[in-house]
Every structure is written in C-alpha cells, then in structure tokens.
Amino acid sequence: MTSTSSSQRPARSRAALAVTVGALAALVVLFLIFAGLYTDYLWFDQLGFANVLTTQWLASAAMFAVGFLGMAVPLWVSIDIAYRWRPVYAKLNAQLDRYQQVVEPLRRAASLGVPIVFGFFAGVSSANQWPTVLLWINGGSFGEVDPQFGLDIGFYVFSLPFLRGLVAFASAVVLISLVAAVATSYLYGAIRVAGREVRISRTARIQFAATAALYLLIQGVSLWLDQYSTLTRQGDLITGATYADVNGTIPAQQILAGAAIVVAILFVITAIIGRWRLPIVGLAGLIVASLLIGQGYPALIQTLQATPNANRVELDYIQRNIDATRDAYGVADVAEESYAVTTEPEPGALSADSETTASIRIIDPAQVTNAFGQLQQFRQYYGFPQYLDVDRYEIDGQVQDTVIGVRDIETDNLGANAQTWVNQTLVYTHGYGVVAAYGNQRSASGQPVFLESGIPASGALGEYEPRVYFGETSPDYSIVGGDNLEFDYPGTEDGEEDATYTYTGDGGPAIDNIFKRVLYAIKYQSTDLLVAEGITEESQILYDRDPAERVQKVAPYLTLDSDAYPAIVDGRIQWVIDAYTVSDNYPYSHIESLSERITDTYTPAPTLPLDDINYIRNSVKATVDAYSGEVTLYAWDAEDPVLEAWQSIFPTSLTDMDEMSAELLDHVRYPADLFKVQRAVLGTYHVTNPSTFYSENDAWITPTEPTQSGEGTPLQPPYYLSMQVPGAETPAFTLYSTFIPRATGDNTRNVLTGYLSVNADAGTGSAGEISENYGKFSLLTIPGDDTVPAPAQVQNNFNADPTVSRELNILSQGDTRVIRGNLLTLPVGGGLLYVQPVYVQSSGQSAYPVLQRVLVSFGDEIAFETTLDAALDVIFGGDSGADAGDGDVTPTDPETGEPVDPGTDPGTDPATPEVDTLEQALADAQAAITERDAAMADGDWTAYGVADAALQDAIERALAATGGLPADEPAATDEDAAAGE
C-alpha cells in the first residue's frame, strides 16, 4: 500500500507541475495580448480617436461571435441529432465496428471539438468582415438608380456585398453540417451499404432531406442575387451586363433560382414520404438546366446574335458603361476642347502667356534631393526624401511655385558607435525645419535658389515651429518630455555647442507609472525602458510617427494617396494627405487596379495588386501636425454617400471642411493619385459616342517616361505647374498630363493627341471657402491634321540634334555624367512648348547634380542654352515676348565661379557654338585617344603620358567652345572619357 502511494506522488506532482506551467504560460500569453491591446488604446485615446478603436474591437468581437456561433451551433446540432437518433440495434460490419471502437472514447470531445474548431475559423473570417456589415447597416442612397433593374446604386455598394457574403457563409454552414451528419450517421449505422443497395434510417432521411432542402433554398437566393452581380462583372467588352447578359444570363439565373426552390420542395416531400426518386431526378434536372440554360443559352445568344451584330446590339449597354464610368470616377463633366496647335514659333509669341512663362519650373524635385542634402543637410543624421514636393507660397505678393522638403531625422545614419539606445530613443528625437527653393530660379552656378533654409530656419516663409517629431523617417519610438534633454540642432559656428530642447507638446501617451513602462518595454522588447533614468512621470512615448501611418490607423476605411507633402500652415509644419473612399461595386463602371494606375516614374509598381476599384472620391483631406502629431480629418466631399456611411459609423472622427483655415486651403492641392486614375479612365472614356467607343479608333494612353527606355519603362508622371491653360481666365496651380494614341507594335505613333489638366488650387483667401474653379478639368484635343511630337519623340529629337548631342557628349566627359530632368509640356504661344532642365554631376561621394543647361522645343525648333530665358529667345526669333524666372541670372562655372563664356559671336545664333573650334577640338581629342590606346598596347608609357595630356587639352578647348568650362580650368580624363569618345 505504501509502495503504491509512493509511486502515485511523483505522477501527481508532475501533473500539478504541468498544470502550473500551462497556467503560467497562458497568463503570460494573455498578458502579452493585453499589453498590445492596451498600448494601442493609449495611442488612440491620446489622439482623441479612441472611439475608432473601440468600435473596431466591438464590431470585430460581435462578428467573431456571430461567425463562431453561426458555424458551431448548427454543426453541433447536426452531429448531435445524427448521434441521438442513431439506430440502437443496428448491425455493423466489422470495419465500422472497429472505427466505432476507436472513435467512441473520443466521441464527446469530438462532438464539441469539431464545432469549436470550425466555429473558430468561421469567427476569424467573419471578424474581418466588420466593414461590410457596418456599411450595410449604415449605408444610404446614392440618389441614382441602375439602368437595368432600377435599384439605387447604394444597393450594389452597401447591400449586395453583405447579402452575397451572408449567403456564402450560410451555404458553407449548411454544407459542412450535412457532411458531418452523413459521416456520423454512417459511423453509427444510420446509413448502411449492402452491395448496390443503400439503406438510410428514417431519422437520418429526414435530417438529410431537410438539410439538403435548406441548402438548395440558399442556392436559389444566391442565383437570384447573381443577376445583380452581372452589373459589376468585368466582361470582354465592358464592365456590366451586355446584350447576352440581359437577354440570356439574367433570365437564366431567374429561372434557375426558381428551379432550385422547386427542388428544395421535393426534398421536403422526401423527408415526409421517404422516397428519394423525385429529389434526385429534380437535382439532376437542375444540374442539366444549369448547363443548358445557365451556360449554353447565354453562349448561344452571344454567338448567334451579340457577336455578329455587336456594333448595333451592344451600343445601349456601352452607353450605360460610359455614363456610369464617368460618373463613378468623377469625370462626367469633362468635355473635349479642340486646340489648333501652332508649330511655327513667332517673335513675341509668349507675350500673352507671360505669367505662365515666368512660372515655368526648371528645378526638378526628383533630381535636386542630393543638392538639398549637400547644401542644407548639415549633419549626416539629417536627410531629405528621395522625391521632393511641389507646392506654392505667396512671396512678396506673388504666388511662387516651390520645391520643398522636410529636414527629417535619420538615426540609421549615426556613426556605428553612436547608435545606442539612448541616442536613438532619448537624444536624436526629431528633425528640424523645411528647406524650400524657387521652382523657376537657379543660382549662377546652377544650384537651387532657396527661399527657406538654414539651421535655425530662416527665409521667406516666416516664423514657424521647425521641430519635426512626426515625419516619414522618424525613429520607431522616442521618449520625450520630463527631464530629458534632446538634441535640437547642431552648433552653427565653430566652437558653438549643439542646442538642446525638451519637448513641450502632447504627442504621445504618458508613461507616468511603472505599469505603463512595463507594457511598453514588452511592446518594444527593451529593458532599457524600465531602467533609463531620463524617464519621469512627465515623459511621453512617441510612436507610429509616419504621417500616412497615423492617418491610416485612425481612418482604416480610407485609401490614402501615396504622397504626403509638408506645408507651413499657421506657424506649424503640417503634413497634408489626401484620402479616398473607394468601391468596386458601382454598376456598369469600368474596373481599374488602383495601384497599377498610379504606378509611374515616382511610384513603383506593386508586386501583387489586389485593389480593384470602380468608384473613387477624394472625400477627406487629412493633416498631421509635425510637432504634436495631431491628426485632423476634414470631410472634403461631405456629399459622398460612402463617406456619409462611415461618418455614421464613426460619428466623431471627421471635422467639417468649413473649419479649414484660409492658409491651409492655400496649400490644399488636387491629389496626384486621383488624377492618375482619372487620366487612365479618360484615355478610353473621353469618347462618349458608343459607336466610336466600340471601334476603339480614338483610344489614348499616357506616354512613358521619356528619359528612360526599354521594356518596363514606367509612365510619365503628372506634374504640378502654375500656368494659365487655354480657356482659363487667370493662371492657377495646375496638375497636367498628356496623351498619345493607344497602339502596339509597328502601329505606334508617338504624337500628342490630348492634353489633360485640372485646377489644383483650392484656396480663395477665406477660411472654409473652396475656389469654384478647383477640380475643373480641361481636356485639349489635338486635331488629327496637326502633328505634334509627344514627349518621347521630343526627347529623341533632343538626343538626335547634332549641336545638342555634341554638347551633351562634352558635358559627360571625364568624371561627370549628364542627368536629364523632367520634360515639361506647356500649352503656350498657341502651341505646345517643351522644357527640360539638364543637370551635370561629377563623381564623388559628395557630388550633386547642378543645373547647367535647359533644353526647349517648340514645333521643330530646338534650343539648348544655359538659361531658360535665353533658350526661349532663341526659339522665338530672338524675343519670346516674356521673361522666364532665370532671366536675370548670369551662369557661372560651379567650381570656379567664373562667368560661363557662351563661345559665340554677337552676330551669330547663340545656340550655335564656334563650329570650327569645336570640331577641331573634337578631332584632336579623337586623335589623342587613338594615340593613347596605341601607346598603352605597346607599353610605351612616355608616349601614353604625352597623348593623355593632349586629350586633356582637347577636352578643355571643346568645353570652352561650348561654354561648359573656362579654357584655363583643367578637365578630368580617364578610361571612361576614352570610352565615351
């Protein structure tokens, strides 16, 4: 007895230990989950959006419960009924008997475990559908009906997705329950198979028949809903129901829905009378009907009627598609306007476009980031974005296009020894100020002309809070406030100490007790959070600091623009982010992939695009304060039905647009991503005649980036410019793009067919008042008999021009390389003017592009000068009639500071260098290269040195002949120079 007791103690001890360890593990897991949830709540609560998080939690929890119970309960009931009403004295074969012996000990656990497992997965899947359910509950009317069924658009956007999801879920529940019932009944003898005979017990028959009837009823509802889905389905011709759908598919689905209900009734009869013949025949008939009526009949109509007569019978449906697409993408009011293009430049032709000419941007925001960095970075831990932003500011009474970027903190660039937790979390916490340059000006040496620069910040933008605690490259988290002294900005003079600062804003949750410190230590897996002495009760923790990320978290129902841009507004740096409400359920509207349509030179292509849309509105303008992190969501399009639904779900999240300050409105712009989607739509849907649309003889596409070539070249991005488009009364901040004919292979024509622009200036000078011209489109179409080269052809013309080619070759000699900037297209002078800045960058880690030349084209004329103003005068016969922004600049060599000698006689065309001198210098350079190569091959290094010196002299003379380098300035030569020649 003692021995038995002794042997049981270790077993009990091990069991108790296992239970204890399991309980502790469960507590640890639960605490980790709690830490994540509670820190999320603290973040939302500090921002004033706690209701957004709690609404999501409650909605997800409710949907999980519905999904769990909706799957688990019917499945448990189905298994329980099959088991309880099993034949008690059924004779089982040997195999089933063995199965039963294995399963019986686990039956109770399985009867609960299987429903719980299936219920869990159903709950998780349902929890993710909370937006669909809440939109169904809160969605309203669009005020428009579809042309086929006469139902409000809101039914398709809000109700149909929910109903289809509900039917799919119910189908899955019933089907799984039926399978579980059959398996249980077979295992316990309610189904017996003897040769070719199958015997089913009465209770099993009733259960199977009733479940099958319910399943078929659900399929009937599904088939009935399918007819509405034809209006949002992408077809070969259009999105929406076509002739074959209206006359074949939709009637077939209605017939099949009725047939499914009839077969369901037959199964109910079987449950009563016990005969399976009728429902089996009915089910077989339903399958045959689905093939003949559901598939064959529409295919027959398509083949015999629709396809051979498509240009006649499909026109009404194409018109539906055109109207719906233009409405859904917000371009219904865009009308084409013929623009008879002049290709012969005349003196004084730009006099009527003087304001546009003065605003032409020669600073490319994609090319001057390194210049900003080298001239305004000051320390390695500061940085600027890869692509700067274009905005406008009023300077000395004139609205001026600017290229602007935030000097943000980049702690990854700290020295290896400086990348400690203290430095990255407590010391280097924020960036400092913005840097802005005039878009239409350059310095004498080709550098940007800054209107706001320096540390401390100074310039034309006035006083503002320069510290950037919330930026695109801010650290993952920083601890600020309390007794913590942060690095503010570096000393600006020799021996001056670095400035320090202590954060005084309200930008993050307070970590005012040890409990919160523990939670955040768990969140960021850092014990330093617990022991650091600089953390006090007044300290705050800043995290989730990227402006777009902050907006996305507080407004998960919005789709954000890919570009957040900074603006100085009311003495603060504000990040402005455009946000969209989208849907892919607008009837008859063409479906586009959002991420594919916004892909261009500045926006990379997605790896796996999963964001199809056919409705979009710029419904919200969001701002994020760079100092406090405050997020404000302005209801920009309060009449958008989708936004109205979300406003009902999150009633305190949005701020009325009337509360936007006048200064903020002055920096609101038309969003580029929306414009990209709309230009893609208008490439096809500028055609409003269904016959022309069907023939596709007037389809357009956006041209590819002209400075790149080869397969996979991205589209040319749209550009922001202040200009006066033809037909407008005054200049305005504008976003534009161009079109070329849609064609492939040998049929491709690189000529311009359209010029699309939109007024991007919302400001009126008054708070809460939007300019009546904001968002108005202009679509200029080029008559077919006017041949205007498209951007790629203009770029080819530049490259093929002998003078331009020679000078570019010289500029790219030695250690320098030529960078072609953005190729701009402007409708001025009665024609189309192309402008492209040309940068030169030497080799070296600290080198940056310097603006050296400007290429200009009008018609067949090309100019290549050191300033835009000079190039325009060359194009337009010596006097363009207007002054460009760089007209008062005398270009100098960026290294010596000496004025650049254009190398021309006063009486000659300033675009033409001294041909004899240049050609002789190039010939001498070629001869020197040949002699140097021969000397290298022979191993005659003395001769090699003589030839190399001759090459350098020839390059210097060639550069001097084109104004690229003073004759007494040495030019670098190396093997790349030889290869270039």
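Me: Accessible areas here come from the Shrake-Rupley method with a 1.4 Å probe. What share of the chain's accessible surface belongs to carbon and sulfur atoms?

Reply: This is a predicted model. The chain's accessible surface comes to about 43700 Å². The share that belongs to carbon and sulfur atoms is 53%.

Me: How much of the chain counts as buried?

Reply: The chain holds 28 helices and 34 strands. It has 981 residues. The part that counts as buried is 51%.

Me: Which helix gives the largest share of the nonpolar surface patch?

Reply: The patch includes Leu69, Trp76, Trp85 and Ile116, and its residues together have about 730 Å² of accessible area. Two helices, α2 (50-84) and α4 (107-127), each supply at least two of its residues. The largest share is 5 residues, and it comes from α2.

Me: Is Trp85 buried or exposed?

Reply: Trp85 belongs to the nonpolar patch. It sits in the loop between α2 and α3 (94-103). Exposed means over 50% relative accessible area. Trp85 has 56%, so it is exposed.

Me: Which side chain of opposite charge is nearest to Asp353?

Reply: Asp353 lies in the loop between β3 (336-338) and α12 (354-359). Asp353 is buried, yet has no salt bridge. At 17 Å away, the nearest side chain of opposite charge is Arg361.

Me: Which residue has its backbone nitrogen 2.9 Å from a polar atom of the Asp353 side chain?

Reply: Leave aside neighbours within four places in sequence, and Asp353 is in contact with Gln724, Val828 and Gly829. The backbone nitrogen at 2.9 Å belongs to Gly829.

Note on methods:
Residues numbered from 1 in each chain as written. Predicted model: local features only at pLDDT ≥ 70, side-chain atom pairs only at ≥ 80, totals over all residues. Heavy atoms only, no water. Patch = residues over 30% accessible without salt bridge, like charges linked within 9 Å, V, L, I, M, F, W, Y side chains within 5 Å. Salt bridge = Lys/Arg side-chain N within 4 Å of Asp/Glu carboxyl O. Helix = DSSP H or I, 4+ residues; strand = E, 2+ residues; numbered from the N terminus. Buried < 20%, exposed > 50% of the residue type's maximum accessible area, 1.4 Å probe, protein only. Lys, Arg positive; Asp, Glu negative; His and termini not counted. Polar contact = N/O pair within 3.5 Å; in protein donor to acceptor, adjacent residues only side chain to side chain. Contact = heavy atoms within 4.5 Å.
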